[in-house]
Amino acid sequence: GKTEFSLSAGENSFHADMVLLGDGSVVFAVQTNQNLYLYKVDSHGLPLTSFGVGGQFTYAFAEPFSFGGAPFSLLPLNDGSLLAGIGINQYAPSSNSFSGSLLAIRISSNGMLIGTNNLLAHQSSHTWSFAALPDASVLIVRNRGGTTNSATLYRLLPNNSFDASFGVGGAYPLPGMLSVDALAVDA
């Protein structure tokens, strides 16, 4: 058995991820230089046509990516929705510097766009890690972020806004830690 997802000519696949859902279906995510694609298939590898358009969700980026070095993650959330988190690192030749942000894209269980936010923009390059919490919020760690130059935790609420009561002003710095490679939530 094999399932294939074709891309348009000129699109380069940068990142891919997949999540297994409780009903046995699988959502595959592919980030290209132009789009984010989510494909949902049943346990037999057949497209679930009730998801998006014919089993596919597409999000077109406002500007094509010129490189794919930024982190990418797909999370299933307890309310049935999905969160695609894409780290955006852009080089500014005029200042010879990088700027980084996190593009958070929420997709409903039936493959419709709930909302997008470009979060945590900063004048340097960053990496991210994510963990889904039981209430459909998401724990995010930004490595080497904020004013402390340490890894910092944030809680993204289901409406894609930050929890201002989480830490000081919505940020929980981890002094002495420059990076966190992964997050996990126990029972």
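**View 1. Pairing of β3 with β4.** N35 has A60 as its bridge partner in β4, where strands are DSSP runs (E) of at least two residues, numbered from the N terminus. β3 and β4 run antiparallel to each other and are joined over five bridges, pairing being assigned if DSSP finds at least two bridges between two strands. The model shown is predicted, so that local features need pLDDT of at least 70 and side-chain atom pairs count only at pLDDT 80 or more, while totals for chains, interfaces and linings use all residues. Residues are numbered from 1 along each chain as its sequence is written, and side-chain values use heavy atoms, with hydrogens and water left out.

**View 2. The open sheet of β1, β2, β3 and β4.** Four strands make up this open sheet, in the order β1-β2-β3-β4, with antiparallel pairing. β1 (13-20) and β4 stand at the edges with a single partner strand each, so one side of each has no neighbour in the sheet. On average, and with direction ignored, neighbouring strands here are turned by 15° against each other, the axes being lines fitted to C-alpha atoms and the angles running from 0 to 180 degrees between N-to-C directions. Strands of a sheet pair through backbone hydrogen bonds, in either the parallel or the antiparallel sense.

**View 3. Strand β11 and its partner β12.** In strand β11 (residues 150-156), seven of the seven residues are buried, which is to say under 20% relative accessible area, whereas exposed is over 50% and partly exposed lies in between (1.4 Å probe, protein chains only). β11 pairs with strand β12 (residues 172-174) over three bridges in the antiparallel sense, and within β12 the bridge partner of A151 is L174.

**View 4. Aromatic pairs.** Rings of Phe, Tyr and Trp (its six-membered ring) pair if their centres lie within 6.5 Å, planes under 30 degrees apart counting as stacked, over 60 as edge-to-face and the rest as tilted; by this rule the count is four aromatic pairs. One of them is stacked, because the rings of Y37 and Y39 have centres 6.0 Å apart and planes at 25°. Y37 counts as buried at 7% relative accessibility, and Y39 is likewise buried, with a relative accessible area of 6%. The rings of Y154 and F162, with centres 5.4 Å apart and planes at 50°, form a tilted pair, in which Y154 is buried at a relative accessible area of 7%, whereas F162 counts as partly exposed at 25%.

**View 5. Two nonpolar cores.** The largest nonpolar core has 19 residues, and those with the most contacts inside it include L36, L38, L74 and I107; a core is a set of buried Ala, Val, Leu, Ile, Met, Phe, Trp, Tyr and Cys residues joined through side-chain atoms within 4.5 Å. Among the elements that give two or more residues to this core are β2 (26-32), β3 (35-41) and β5 (72-76), and the largest share, four residues, comes from β6. A second, separate core of 15 residues includes L83, A136, L156 and A171.

**View 6. The whole protein.** The protein has zero helices and 12 strands, and 45% of its 187 residues count as buried. Of its contacts with a separation of 6 or more, 42% are between residues 24 or more positions apart, contact meaning heavy atoms within 4.5 Å.
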